Amino acid sequence: MQTDATPEADEAEAEPPAPTNTTAGSGEAGDAEASEALGAASGEAGDSGPEASPSGEAGSGDGESQDAEPAGATAPEPDSGEAGSGDGSGAEPQGTVEGRVGESPAGATDPDGPVEGAADGADPAQADAETTTGEATEAAEAKPALSEAAAELAAQKIERERIARRKAEREAPIEAGAKLSGTAADLLAAVRAVESGARPPAPLRRPAQAEAHAPAQAHAPAPPEATAPAPERAPAPAPTPTPTPPREPSPDAVQALRALLARGGAPESLAPQAALALGADAAGQLAESPWRLLAVAGVRPTQADGFARALLGPDETGPGDERRAAALVGWLLGQAAAKGHTVLDAPTLESALAQYGVPDPAEALEAAVGDGAVLTFEEPVGPPVAEDEEQPVRILVGLEGSAMAEESLAEGLARLANTFTDPADWDKAAGGNGPGAELIRAVAAHGLVTHTGGEAARAEPFALLAAAREAGLRAWLAAHAPAAEGGQGAEGAVTVAGLLAGAEGPGRNADGQFALDLLIVLDAPQLDVETAAALVESVPDGARLVLSGDPGVLGSAGPGRVFADVLAARAFPQFVSRVPDPGPIGELVSGVGIGELNQVDAPGKEVVIVPVRDAGEAVHRTVQLVSESVPRAFGIPADAVQVITPGHGGSAGTRALNAALKERLNPGPGRFGGFDPGDRVVHVPSAGRALPARVVSADAQGLHLEAAAGARILVPKERVESQVRHGWAVTAHQAVGSRWPAVVVVLPGDAAQALSREWVYTAFGRAGRHLSVVHGVDQALPRAVAEVLAKPRTTRLTALLRALAAAAQAQPE
């Protein structure tokens with residue numbers, strides 16, 4: 001490994017910081033460290049002012065926090081200048097909440113501050129509100145084509161309508177053989193026997209034992225050697241309706257909201273967001289329950305309390321108000337979803353409610369369940385018990401979107417595994433023992449296969465794609481980012497978002513499902529539950545599905561841990577690639593994956609460590625590396641060098657780095673909303689998606705960008721501020737799924753608490769030929785690699801898949 005000790009000493013030899021000997025598992029030292037106040041933003045180092053942005057800032061969904069406190073921090077005190085501030089119920093809790101509530105992977109929530117902070121350009125696809133694209137069909141030829149962003153928003157609406165229908169169906173008991181037929185009905189009945197999502201008419205049943213607070217320890221069945229008997233085909237779903245753009249709030253509705261917000265001392269600029277969040281009757285809803293203002297992204301309980309007091313008067317409000325408690329339940333679950341959870345333990349949620357001053361949290365939660373605002377589930381804890389004993393369970397609570405999508409996903413995966421009845425001999429297509437040969441043979445024999453491996457292993461899914469297409473199959477590969485390395489120009493390669501929106505891929509058949517025989521999903525760790533459910537439900541019976549990815553990278557921006565849960569369930573065949581990542585960078589990244597920051601021999605200066613004393617020096621050295629040192633030493637142009645840093649704010653975050661890099665590489669007045677032709681940018685049309693692009697021009701319509709493969713993007717001028725950021729420097733969540741010839745990872749001193757093993761693994765792994773590490777965190781780097789693991793997410797998918805697998809094994813031959 002190389003060290004760059006002085007600005008002009010790129011070739012100087014030195015050793016990296018010595019890795020610590022701490023065991024890999026020590027980062028999860030009990031639930032106490034993983035617990036934190038649900039309302040407190042957790043994430044990576046940054047500055048202090050609330051600023052929403054789709055490129056990862058405040059609720060954008062990319063996972064890097066610009067203004068978040070370090071993980072584990074308690075909620076900050078509210079600012080004194082909030083609208084309608086006062087005493088009483090507005091105080092924010094200062095303790096922590098017991099439970100497995102982890103650091104936000106989807107963009108930290110704004111710290112307490114004036115309500116105005118939520119009004120200035122918050123991303124319409126906030127990660128704490130809705131974090132997924134849903135199903136969508138191709139637009140009818142007679143209708144004007146939708147933009148990609150509009151198509152995604154419309155697809156989200158369709159997915160939620162489908163989930164609402166599923167919710168209505170599941171409220172009644174489902175017996176074996178009802179509505180469905182054969183094994184499919186029996187499997188569904190078995191799941192209902194294991195866990196219940198129906199609203200309980202009586203108060204929530206408390207777990208029988210204290211261990212209900214622990215995650216379920218259901219035993220996973222061994223991976224099946226062959227698929228289970230195929231059930232009878234259920235009737236095909238009705239064709240998905242053509243997406244229509246989301247309706248803008250009417251001027252009258254917005255004006256009524258402005259007047260109401262002004263009466264309550266809140267900024268009138270919140271009116272459009274409130275109208276979108278609450279619907280046409282938003283003013284009436286807020287007049288009846290002012291705390292429903294919490295549905296607007298960025299608004300916090302203290303601010304909603306102040307608004308309620310100003311609107312209704314102090315005598316009509318208080319911590320125990322039922323309307324306040326109901327709104328807090330939904331808000332807390334929304335915060336949990338932004339941190340990656342699909343559900344929460346009931347005791348965790350009750351503890352959080354207590355910290356926000358709710359006098360009877362259990363009663364408040366039961367009322368929310370009875371009103372249908374949230375769903376409850378019982379998950380068995382521990383091994384099965386005798387028939388005459390009561391099985392310990394834990395009560396889980398979730399919002400219907402992600403909770404129902406998780407159930408839909410489990411059933412969809414089981415359907416694909418069990419409707420596949422056409423194993424094939426693909427030995428000829430495998431080409432002996434060539435790249436991907438073993439994966440090709442595995443996929444030939446099974447309907448659903450998981451594939452894991454590092455960056456070099458990405459070549460195997462592309463080899464499978466080519467072989468399947470050569471064999472005459474309608475095969476497609478969907479990746480998180482466009483033009484994935486190793487697959488540029490590959491026939492049949494699309495993006496997940498483009499496939500779901502109908503802008504790319506095979507289109508849909510008369511049943512509303514993809515017209516394909518094989519779907520390979522690359523970057524599977526980036527799938528949230530709603531996106532995954534939309535994909536899986538669109539794959540027809542009898543088709544093959546491959547979920548491929550690197551388990552060591554950062555997880556999805558939205559709720560869930562789909563890929564990890566599918567692997568943990570061990571319900572489907574798993575193929576582990578044996579292709580190692582080559583060279584010094586591959587050796588370094590492989591070590592990080594197992595908790596070791598090893599010294600690597602880099603004779604060609606593939607890895608260089610650049611020590612810095614402070615953030616100012618870090619920015620200076622980064623600019624020098626990108627503009628001079630890397631192009632001179634490796635012949636890599638500055639445009640092919642990507643800077644990655646933990647956060648957006650701070651003196652060495654993406655904003656500061658991008659400003660310095662623009663001044664050096666493409667100076668200009670920023671006459672187009674802060675941008676000039678030639679600027680490198682990232683376009684974020686929806687939460688969790690960051691598309692590299694370059695500014696071409698601007699006009700009255702908006703900002704014109706050029707993305708991968710020359711694709712043109714028009715960003716309307718009213719969305720430029722919230723959807724476009726400079727892109728010379730990005731966060732690791734924005735970079736995941738992409739690679740560059742050279743990467744400069746910047747680790748300023750204030751980023752020490754933001755580092756984790758998966759963050760370092762992801763950032764270092766983006767480099768192809770050269771990696772420079774601008775190192776200002778001293779021993780925090782090896783300590784993060786050895787000790788700081790990903791915060792756990794509370795989900796149900798593993799338990800659901802295990803129940804389905806057990807039910808399938810119990811079916812008669």
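1. Let me start with Arg570, which counts as partly exposed at 36% relative accessibility, because that class lies between buried (under 20% relative accessible area) and exposed (over 50%), with a 1.4 Å probe and protein chains only. Arg570 is not a glycine, yet its phi is positive, about 50°. Its place is the loop between α18 (562-569) and β12 (574-576); helices (H or I, at least four residues) and strands (E, at least two) are DSSP runs, numbered from the N terminus.

2. A word on the basis: this is a predicted model, where local features need pLDDT of at least 70 and side-chain atom pairs count only at pLDDT 80 or more, while totals for chains, interfaces and linings use all residues. Residues are numbered from 1 along each chain as its sequence is written, and side-chain values use heavy atoms, leaving out hydrogens and water.

3. Asp523 also deserves a look: its phi is near 60°, a positive value in a residue other than glycine. Asp523 belongs to the loop between β10 (518-521) and α17 (529-537) and is buried at 9% relative accessibility.

4. Now to the rings. Rings of Phe, Tyr and Trp (its six-membered ring) pair if their centres lie within 6.5 Å; planes under 30 degrees apart are stacked, over 60 edge-to-face, the rest tilted. The count is 1 aromatic pair. Trp331 and Tyr356 are edge-to-face because their centres are 5.8 Å apart and their planes at 80°. The pair links distant parts of the chain, 25 residues apart. Trp331 is buried at 7%, and Tyr356 is buried at 4% relative accessible area.

5. Finally, the charged end of Arg796 sits over the ring of Phe377, 3.6 Å from its centre (NZ of Lys or CZ of Arg within 6 Å of the ring centre and within 35 degrees of the ring normal).
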